[in-house]
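Colleague: Please take me through the interfaces here. I want each term set against its rule.

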4 protein chains.
Amino acid sequence: RRGSGYATMAKSKFEYVRDFEVQDTCLKNCWVVVRVDGRNFHRFAEQHKFIKPNDDRALQLMNRCAQNVMEELDTICMSYGQSDEYSFVFHKNSNWYKRRASKFMTHVVSQFASSYVFYWKEFFPTQPILYPPGFDGRVVLYPSDQNLKDYLSWRQTDCHINNLYNTVFWTLVQKGELTPAKAEERLRGTVSAEKNEILFSEFSINYNNEPELYRKGSVLIWVKVIRPHRSGKRTQVRQERNTASAECATSTTSA
Amino acid sequence: RRGSGYATMAKSKFEYVRDFEVQDTCLKNCWVVVRVDGRNFHRFAEQHKFIKPNDDRALQLMNRCAQNVMEELDTICMSYGQSDEYSFVFHKNSNWYKRRASKFMTHVVSQFASSYVFYWKEFFPTQPILYPPGFDGRVVLYPSDQNLKDYLSWRQTDCHINNLYNTVFWTLVQKGELTPAKAEERLRGTVSAEKNEILFSEFSINYNNEPELYRKGSVLIWVKVIRPHRSGKRTQVRQERNTASAECATSTTSA
Amino acid sequence: RRGSGYATMAKSKFEYVRDFEVQDTCLKNCWVVVRVDGRNFHRFAEQHKFIKPNDDRALQLMNRCAQNVMEELDTICMSYGQSDEYSFVFHKNSNWYKRRASKFMTHVVSQFASSYVFYWKEFFPTQPILYPPGFDGRVVLYPSDQNLKDYLSWRQTDCHINNLYNTVFWTLVQKGELTPAKAEERLRGTVSAEKNEILFSEFSINYNNEPELYRKGSVLIWVKVIRPHRSGKRTQVRQERNTASAECATSTTSA
Amino acid sequence: RRGSGYATMAKSKFEYVRDFEVQDTCLKNCWVVVRVDGRNFHRFAEQHKFIKPNDDRALQLMNRCAQNVMEELDTICMSYGQSDEYSFVFHKNSNWYKRRASKFMTHVVSQFASSYVFYWKEFFPTQPILYPPGFDGRVVLYPSDQNLKDYLSWRQTDCHINNLYNTVFWTLVQKGELTPAKAEERLRGTVSAEKNEILFSEFSINYNNEPELYRKGSVLIWVKVIRPHRSGKRTQVRQERNTASAECATSTTSA
């Protein structure tokens with residue numbers, strides 16, 4: 001429409017290259033999960049002096065980014081985050097961008113990444129961000145509700161296993177004054193009961209009293225907000241008190 | 001390895017969900033192009049008061065982001081940008097992340113997005129960024145060198161067509177004091193010679209003297225840098241004077 | 001392992017070409033349907049003098065081929081056929097050939113095609129087969145049981161619509177002595193009640209008394225066979241009296 | 001269009017299931033190779049008493065089937081066969097069925113399979129075919145001409161390696177009166193020079209005088225046929241004297 005003679009002709013001559021795009025439609029009637037992971041966040045955490053084993057600021061920043069993703073992209077049912085990863089669940093009936101996997105992935109991951117830098121200073125007011133972080137993303141499809149529940153359970157169990165390990169490890173290093181190598185050796189092969197026992201008997205820490213934010217991760221869901229003097233109902237992203245049991249998580253997805 | 005008894009058993013019970021990931025390996029021996037596009041950048045440009053038709057700050061910020069992408073991800077041969085889009089070319093022999101399309105896309109687009117916020121204030125020192133912008137990304141495969149050249153020619157011709165139109169449109173509005181609607185009407189159906197003529201005869205503007213940055217877009221390539229007193233050669237991203245003719249662009253890709 | 005010096009070296013030099021195979025794993029936990037369709041069967045039917053509108057021999061041959069497919073490939077739950085098409089349902093938990101779509105498709109379609117020629121003379125003892133027929137095949141995935149039921153209902157409704165039309169059309173031609181063009185014109189725009197009425201009032205044919213084989217298509221399921229004096233139970237393909245209501249069809253798939 | 005009221009409504013209600021078909025378009029500007037392999041042909045060969053190590057009848061039957069595939073499907077440049085496999089090359093510019101992989105695969109493999117039974121008695125006049133054989137098929141894409149040449153070289157080298165082994169093995173068994181186990185033991189670890197030497201010094205067989213059909217496989221190409229008194233030129237499938245050197249093979253593909 002904005003034709004300009006020769007250039008337009010040239011453009012249409014080259015336009016055949018459009019037909020080389022990869023087709024990547026997600027199968028219908030499947031839950032679409034996009035998981036975002038920090039790239040080299042071990043290094044990033046060190047360089048930005050994240051507190052070990054859990055840095056509240058970093059976790060709340062992740063939650064803030066996820067909230068922005070849900071508000072900007074608006075067809076996401078719920079999301080679940082822990083450590084440097086976040087999973088976003090699109091409804092199985094979503095027809096957003098004709099269900100193209102590349103659209104799901106890149107919109108989520110770019111919004112998450114730009115939010116991370118944008119909101120950084122709200123959570124790290126005294127620690128400047130040193131360089132722009134990277135993330136990777138992937139799409140996974142789940143045909144049944146049970147598959148989706150199991151996915152969320154998988155991520156939450158991963159959270160639990162890693163957090164219990166990290167909690168004991170860093171307690172041994174920070175309070176027990178072991179070297180990291182000694183702490184690792186001490187923990188090798190221990191099961192969870194033994195780890196709980198180390199925390200309790202040697203450091204008087206009851207692991208179950210640790211914050212749910214650390215032990216269970218975070219769930220973001222939509223809640224209806226009633227504003228009596230305004231224009232009625234609207235929905236808002238709310239963080240679900242970090243009680244991200246899979247049950248709770250998926251009961252919200254069915255809504 | 002960080003097993004903790006019951007939790008580990010639970011985790012392995014749920015781990016079957018990993019097998020649902022979409023396979024998306026890019027065909028070997030094809031050039032892999034990732035194109036990043038701003039999401040709703042029309043609105044973003046308005047809210048951040050971008051100068052029309054071209055805002056040097058915004059274009060240079062795009063170039064800065066692309067440079068960061070190339071430096072962080074390091075297997076990209078070259079990149080080409082114009083307006084709010086940027087294309088990154090991975091070598092056809094690249095085996096980065098086993099050529100998974102999702103890895104190519106999400107690493108590029110997230111690095112680009114976080115860079116955009118990170119470098120914003122270098123280019124817009126007096127205009128704060130109001131919200132985190134989004135981008136979308138896609139992967140396109142080109143089997144032959146000619147296909148790749150034609151892709152770059154397609155994007156550059158697109159740059160030319162849009163820029164010529166926008167230049168005349170905004171000149172009519174800003175200097176000719178036409179309303180946008182009148183300017184659009186004036187330009188409807190005109191070919192490029194007529195647009196050039198309007199600029200020249202009515203506003204004494206020779207379109208060919210407009211900056212190459214606007215007319216042709218930007219190319220980033222790798223150049224060898226020789227440092228006599230240091231540790232010898234190394235490579236560095238350089239912006240190729242905006243002479244992004246497709247010839248030049250693809251001669252660099254063969255390097 | 002059967003190395004022979006130079007040739008082996010040459011072979012391994014060329015073997016890189018294996019990595020170009022298309023990945024086509026079917027998403028887990030989805031029903032896999034392979035549908036086979038005759039290629040140019042309109043022409044094939046004419047040249048082999050199939051009786052219009054339904055040729056029992058041709059339909060029974062299709063059923064015989066489907067039975068062979070089920071017996072040879074053995075992970076197929078059930079199959080449904082009508083006219084020159086047949087659909088085969090693999091269980092959603094099937095892991096046959098790691099769920100590669102190309103394996104599902106090509107094994108089914110080649111077995112069907114070779115069976116068609118092999119069993120031809122059993123059904124057409126006096127009419128030789130003139131040339132080898134072709135078929136095409138496709139894979140469709142269904143995440144939920146309801147989707148699968150709807151697929152089977154779709155194919156069966158297609159059978160009904162086409163068979164009612166064809167029955168009236170050929171009755172008008174064969175008994176009503178209309179030309180095909182006149183018969184087509186007569187039927188244009190008629191709904192099913194009107195077609196039933198033509199059959200009944202003009203030709204004393206009650207459509208509901210037409211054979212179920214024609215009106216509903218065929219379902220093949222597995223049945224357990226008990227052989228008292230032999231080695232106990234075994235399963236056998238059985239044709240389900242052509243009462244291929246979707247209900248019946250899918251109740252068998254859940255087994 | 002052949003609507004019949006309620007049934008039509010039902011059909012359109014179920015028709016949504018069409019949207020679940022797998023997308024499988026082959027990347028443009030790539031050679032498309034479909035390879036067909038016999039399923040369980042070891043068993044099939046035994047039960048049909050194929051002569052070892054090469055049965056001329058079986059090889060010529062394979063060639064006849066490939067010829068039928070090329071004549072029926074008509075956009076195939078060339079094909080190459082050896083043992084119980086055959087590869088069909090579609091031109092990189094082919095747009096047959098919009099380049100859907102499933103169409104390429106299933107049309108080729110079903111035509112091949114039905115031809116195998118159809119032409120069987122021409123090549124095995126005294127040995128009836130006992131059951132319908134199965135084949136599998138796959139699609140492989142090659143972006144460059146060199147990749148395609150290497151593919152053909154790979155298959156031909158495979159032919160050479162297997163045929164040399166089989167020739168010596170069966171000579172040891174048939175003329176040398178070794179048991180199969182002894183023959184296998186004798187050949188373990190031998191390189192090609194040693195195999196040639198066994199044939200020559202112990203059995204006076206010069207391997208290079210073995211038929212090219214066995215040593216090199218078969219190539220089918222299109223040739224122009226000039227018929228002076230008829231309607232001019234037409235093309236015909238011709239078997240290329242089994243000199244399927246990759247050079248020759250791919251020079252024909254460029255035609």
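Modeller: What follows covers two interfaces in turn. This is a predicted model: local features need pLDDT of at least 70, side-chain atom pairs count only at pLDDT 80 or more, and totals for chains, interfaces and linings use all residues. Residues are numbered from 1 along each chain as its sequence is written, chains are lettered from A in the order in which they are written, and side-chain values use heavy atoms, without hydrogens and water.

Colleague: How do you know that chain A and chain B are in contact?

Modeller: Contact means heavy atoms within 4.5 Å. By that rule, 68 residues of chain A are in contact with 68 residues of chain B.

Colleague: What makes up the area buried between chain A and chain B?

Modeller: Buried area is the accessible area (1.4 Å probe) that two parts lose on being put together, summed over both. For chain A and chain B that is about 5800 Å². Carbon and sulfur atoms give 62% of it.

Colleague: Why is the pair A:D136 and B:K103 called a salt bridge?

Modeller: The rule asks for a side-chain nitrogen of Lys or Arg within 4 Å of a carboxyl oxygen of Asp or Glu. A:D136 and B:K103 meet at 2.4 Å, N to O, so the pair qualifies. The count between chain A and chain B is eight salt bridges.

Colleague: Which elements of chain A supply at least two residues each to the side that touches chain B?

Modeller: α1 (6–14), α3 (56–73), α4 (101–123), β4 (135–142), α5 (145–174) and α7 (192–203) do. Helices (H or I, at least four residues) and strands (E, at least two) are DSSP runs, numbered from the N terminus.

Colleague: Why are chain A and chain B said to be related as by a two-fold axis?

Modeller: Copies are superposed by least squares on C-alpha atoms of residues with pLDDT of at least 70 in both. A rotation of 180° with 0.0 Å of shift along its axis superposes chain A on chain B, RMSD 0.0 Å. The two copies are thus related as by a two-fold rotation axis.

Colleague: How do you know that the copies meet through the same surface?

Modeller: 100% of the interface residues of chain A are also interface residues in chain B, so the surface is the same.

Colleague: And what of chain D against chain B?

Modeller: Eight residues of chain D are in contact with eight of chain B. The two chains bury about 530 Å² between them, 64% of it on carbon and sulfur atoms. In chain D, D:L27, D:N29 and D:P143 lose the most area to chain B, together 74% of what that side buries. Zero salt bridges are counted between chain D and chain B.
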